[in-house]
Amino acid sequence: MAGAAIPIKKLRIVNVRNAGETGKFCGNAESMGWMREDGERMVVHPVASVRRAEWFEGQLRILVETDEDPGSEVVAVEGFANEDFDNIWRYFEQSCGVHVKKHRQVAALDPEDFDHAMKGIEDAADRVDETTQGSSQKKGRELDMLKRVENVRDGLDEAVSGDKQALNRVFSANGCERIGRLRLVLDTVQLEVYKKDPRWLHLRNMCKTIESVLKDLGTFRQWRPSEDKEHASLLRRMMVRELKRAQGQDLDDEDEEAEAEDTQPIKGEAAPAPGKLDGDRLANTLLIYGAAHPVYGAPRAEEPPPPPQPPGPAGEVSAPAGAVPVASEPGSEGSDDHNFEDEEVADPNSVRASAPDDKARGGRQDFCLHQTHPGSVLEGWVWKRSRFLRRWRRRWLVLLPHQLMSFKSRSGTVPTETVMSGTVTRVYSADAEVLQSRSFGVALSRRIHYMVCDDDKQKEAWIRQINRALLDRRR
C-alpha cells in the first residue's frame, strides 16, 4: 500500500547506555530491553508490559508494568542518535501499541526581546516610585508595571526549564548585566497594593533561580551600573539598595512569600491547639534552633550532663543510655555531609540518595537511626526535584507530626522547603509522572513535590507516614 509505514519487526541499536554502562537496545515482537556489551547484565520486559514511553534529545524513558508484579519500573536508556527516533517510534507503535512522546527543547530566550521588555519594566518602576503613596494613580501605575512583568516572567519560566548553558549565555553576558538590572528593580521599587501579587512573587523567584544557576556554573558576578546618564536611574536604585542593606533590611524576605500558600494551613482551618504533647515536641525541636515561641515560650534548659561513664574496651567511653545518634556538623571530622550538599543528578535511579551514609553504615539507610529532630516520625535521604529547573537534588527529609521539611545536609538547621499539616491534598506513587522508579509525590493545592527513594520499602513508608501526618482530612 502506497504511503504505508515500513514494518519494524526487530530493533537493534548499539552504543547506548543504561545506568552508566554501554550496551545495545533490542526489541522484537515479544520483548524489548537493553543488554550490556558483555551480556552479563540485561533489562528485558515483554512488549505487553509497556505502558508509556518518552523521548528527549537522545534519552528514552519506558514505563513498564506486569500483572505478576503490581508495581512499576522505569527503564532509562540514553545515548541515542537523533536519527534513531523514527525507528524507535515505529517499533513501539507497532509492537507495543504505545506512541513515544517526543519532548522538544525549549526555545532559547532571545536577549534582544528581554532587553526591550526589561527597559519597559525599568521605566514603569520609575513611574511607580515617582507617584504619591496611597494615591489611586500609584495603584494604576503598579498595575501597568505588573502587566509588563507578566511578559518577562513567562519568558523566564520557559528559559529556566530549558538548558542551563543557554540560560548562562544570556544572563552571564556583560558581567551579568541583565540579571543585575532585574535584581535592582526587584529590590528597590516601592510597591504598595501589589507587593504580594503572585505575578510579582513569581518573578522574584525566577530571578533567584537564575542567580543560583549562574553561581552553580561559576559565572555569577555582582553587576554595578556605570556612572553615566544612561544608567542614572539604576545608579539611584543601587544607592537605595545599599542604604537598605546598611539599615539591616533583608531584601530576600519577599522571595519566601511565594510559597506562603503551600506552607500555611488551608484557609478556614484552625491551627493545631497547643496541647501538652505538641508543646513538648515543639519545645524539644526549638532546642535545635535556640528560638522562643509565642505560645510555648523559650526552649527548656538542657539538663545537666550525666556523670562520665566508665571507660569501655581500649579506653573508649560508652554512650549514655537512650542517647540518640546525631550527625556531626558539616566540615567536622568524620562528617561527609558537606561533600554531598546540594548534589545534583540527571537520573536519580542510577545513584543512591543515601550515599553520604555509605561510609558510616555500609550503604544502608535506616530511618531514624540518625535522628536529627526530636519527635520526628521519619527521616532519611531522598532525591527531590527542584521546582523550576526540574533537577534532582539530594535532600535530608524530615517528617514531624505537623510538618515536612527538607534540608541540604543531615545536620542542616535551615530547611529548603516546608510543608505544613492541612496543606497536603494527596500523597501517591509518581513513577508514571516523572518516569523514575521508587518515586512519590506530595500534592498541594498549587504544586507537587516529587521525591525518589533508594528502595520501595522507603517509598511505601514515606507515603504511609506523610498521609497519616499531613493529609487534609476534609477532602
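**Close-up 1. Two cysteines, C176 and C26.** C176 is buried, at a relative accessible area of 0%, while C26 is partly exposed at 26%. Here buried means under 20% relative accessible area, exposed over 50% and partly exposed in between, using a 1.4 Å probe and protein chains only. The structure holds 0 disulfides, a disulfide being a pair of cysteine sulfur atoms within 2.5 Å. As you look around, keep in mind that this is a predicted model: local features need pLDDT of at least 70, side-chain atom pairs count only at pLDDT 80 or more, and totals for chains, interfaces and linings use all residues. Residues are numbered from 1 along each chain as its sequence is written, and side-chain values use heavy atoms, with hydrogens and water left out.

**Close-up 2. The largest nonpolar core, with 31 residues.** Such a core is a set of buried Ala, Val, Leu, Ile, Met, Phe, Trp, Tyr and Cys residues joined through side-chain atoms within 4.5 Å. L156 and F171 have the most contacts inside this one. Among the elements giving it two or more residues are helix 3 (136-160) and helix 4 (164-171); helices (H or I, at least four residues) and strands (E, at least two) are DSSP runs numbered from the N terminus.

**Close-up 3. S439 in strand 15 (residues 439-443).** S439 counts as buried because its relative accessibility is 0%. Its side chain makes a polar contact of 2.8 Å with that of D431. For polar contacts, look for N or O atoms within 3.5 Å; within protein, one must be able to donate a hydrogen and the other to accept it, and residues adjacent in sequence count only if both atoms are side-chain atoms.
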